[in-house]
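Reader: Please present the model, and let us then set its computed values against the definitions behind them.

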Amino acid sequence: MGDDGEGVGMEDPRLVVRTSAGEVSLARGDLVAMAAREQVSDVSVLVPGRAGKAVRLAALLELAGGARGARVLNITSRDPSFAVSIPLAEAEGALVVYDLGGAALAAAKGFSHVAVGKGAP
């Protein structure tokens, strides 16, 4: 999973989710349009201390063909100095935040999507 595109100031940053079964590239509008059951309108309800609107990571993995048999989640960024791998089991219930205060996350600050801790199943 990672941000795709050239440069931090990209107008329409895309979230790219890759699994062994496939890949999907999503803009903010695609995330907003996902089914209500995949949305979390107030992240702070599930992850105290965090804010924003999010979609469930599990839904993104399914859009990319599913993560059956996977054991590790790799998260990368347009910034080549950032990459992290975590056991997929630890990402269960994780959320991908795409909105803060009614606006897209600030790509100019180095991010356009943020994965946060455990949410509801």
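Author: Of the 121 residues in the protein, 37% are buried, a term for under 20% relative accessible area, with exposed over 50% and partly exposed in between (1.4 Å probe, protein chains only). This is a predicted model, in which local features need pLDDT of at least 70 and side-chain atom pairs count only at pLDDT 80 or more, while totals for chains, interfaces and linings use all residues. Residues are numbered from 1 along each chain as its sequence is written, and side-chain values use heavy atoms, leaving out hydrogens and water.

Reader: Why is threonine 19 called buried?

Author: Threonine 19 has a relative accessible area of 17%; the limit is under 20%, so the residue is buried.

Reader: What makes glycine 66 a polar contact of threonine 19?

Author: A polar contact is a pair of N or O atoms within 3.5 Å; within protein, one must be able to donate a hydrogen and the other to accept it, and residues adjacent in sequence count only if both atoms are side-chain atoms. The backbone oxygen of glycine 66 lies 3.2 Å from a polar side-chain atom of threonine 19, so the distance falls within the limit of 3.5 Å.

Reader: Which residues are in contact with threonine 19, leaving aside its neighbours within four places in sequence?

Author: They are Leu61, Ala64, Gly65 and Gly66, where contact means heavy atoms within 4.5 Å.

Reader: What is the mean pLDDT of the protein?

Author: The mean is 77, and 77% of the residues reach 70 or more; pLDDT is the predictor's confidence in each residue, from 0 to 100.
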